[in-house]
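I opened this notebook to record what I looked up in one chain. The entries follow the order in which I consulted the coordinates.

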Amino acid sequence: PVDAPPAAPGVFGDALASASGERDKRHVTIERKSYDTHALVVRLSEQFTAEQAEELNKVLDELLTQTVDRIIATTASQAAHEQLSYLYKTDMTALRNEMHVLERSHW
């Protein structure tokens, strides 16, 4: 499994850190290939030896799996996005209220 990226500091970082638990649940191991490995080996065997074709297939499979794992690990879940959006709106409301208080006390 790919480790989740480190969370950013601050309020939003805390939300991302709590969402990383969800990210772990969303991690999927690709057991079914998204391409026909046999057809790929047959096609590669036209230009390479059977052993080379098999090894190329293994390397391509590892690269594809790592890429998908990296995408999954760095993609925020819908719940994390909603949580970050809520925190942003809450912070903006608090800032707006503080600005109103400061504006009133200034005049």
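**Entry 1: burial and surface.** I took a residue as buried when its relative accessible area is under 20%, as exposed when it is over 50%, and as partly exposed in between. The model is a predicted one. By that cut-off, 13% of the 107 residues of the chain count as buried.

**Entry 2: confidence.** I noted a mean pLDDT of 76 for the chain, with 68% of its residues at 70 or more. Which elements have the lowest and the highest mean pLDDT? Helix H1 has the lowest, at 45, and helix H2 has the highest, at 92. Over residues 1-28 the pLDDT stays under 50. For that stretch the model has 42 contacts beyond four places in sequence.

**Entry 3: elements and contacts.** I found four helices and zero strands in the chain. Read from the N terminus on, the order of the elements is α-α-α-α. Of the contacts with a separation of 6 or more, 68% are between residues 24 or more positions apart.

**Entry 4: helix H3.** I checked the length of helix H3, which covers residues 50-74. At 1.5 Å a residue, its 25 residues should span 36 Å, and the end C-alpha atoms are 36 Å apart, so the two values agree. I listed the buried residues of H3 as Ala-53, Asn-57, Asp-61, Asp-69, Ile-72 and Ala-73. An α-helix has 3.6 residues a turn, so residues three or four places apart point the same way.

**Entry 5: Leu-56.** I located Leu-56 in helix H3. Its relative accessible area is 31%, so Leu-56 is classed as partly exposed. Which residues does Leu-56 touch, not counting those up to four places away in sequence? They are Leu-44 and Phe-48. Leu-56 and Leu-44 are 12 residues apart in sequence, and their C-alpha atoms are 8.2 Å apart.

**Entry 6: Ser-34.** I found Ser-34 in the loop between helix H1 (11-26) and helix H2 (37-44). Is Ser-34 buried or exposed? With a relative accessible area of 74%, Ser-34 is exposed. I also looked up its separation from Asp-61, a buried residue of H3. Ser-34 and Asp-61 are 27 residues apart along the chain, and 9.7 Å separates their C-alpha atoms.

**Entry 7: a nonpolar patch.** I recorded a nonpolar surface patch of about 380 Å², made by Tyr-88, Met-92, Leu-95 and Met-99. Met-92 lies in helix H4, which comprises residues 78-106. The relative accessible area of Met-92 is 31%, so Met-92 is partly exposed.

How values were computed. Residues are numbered from 1 along each chain as its sequence is written. This is a predicted model: local features need pLDDT of at least 70, side-chain atom pairs count only at pLDDT 80 or more; totals for chains, interfaces and linings use all residues. Side-chain values use heavy atoms; hydrogens and water are left out. Patches are made of residues with over 30% relative accessible area and no salt bridge: like charges are joined within 9 Å, nonpolar side chains (Val, Leu, Ile, Met, Phe, Trp, Tyr) within 5 Å. Accessible areas come from the Shrake-Rupley method with a 1.4 Å probe; for residues, only the protein chains shown count as cover. A salt bridge is a side-chain nitrogen of Lys or Arg within 4 Å of a carboxyl oxygen of Asp or Glu. Helices (H or I, at least four residues) and strands (E, at least two) are DSSP runs, numbered from the N terminus. Buried means under 20% relative accessible area, exposed over 50%, partly exposed in between (1.4 Å probe, protein chains only). The expected span of a helix is 1.5 Å times one less than its number of residues. Contact means heavy atoms within 4.5 Å. pLDDT is the predictor's confidence in each residue, from 0 to 100.
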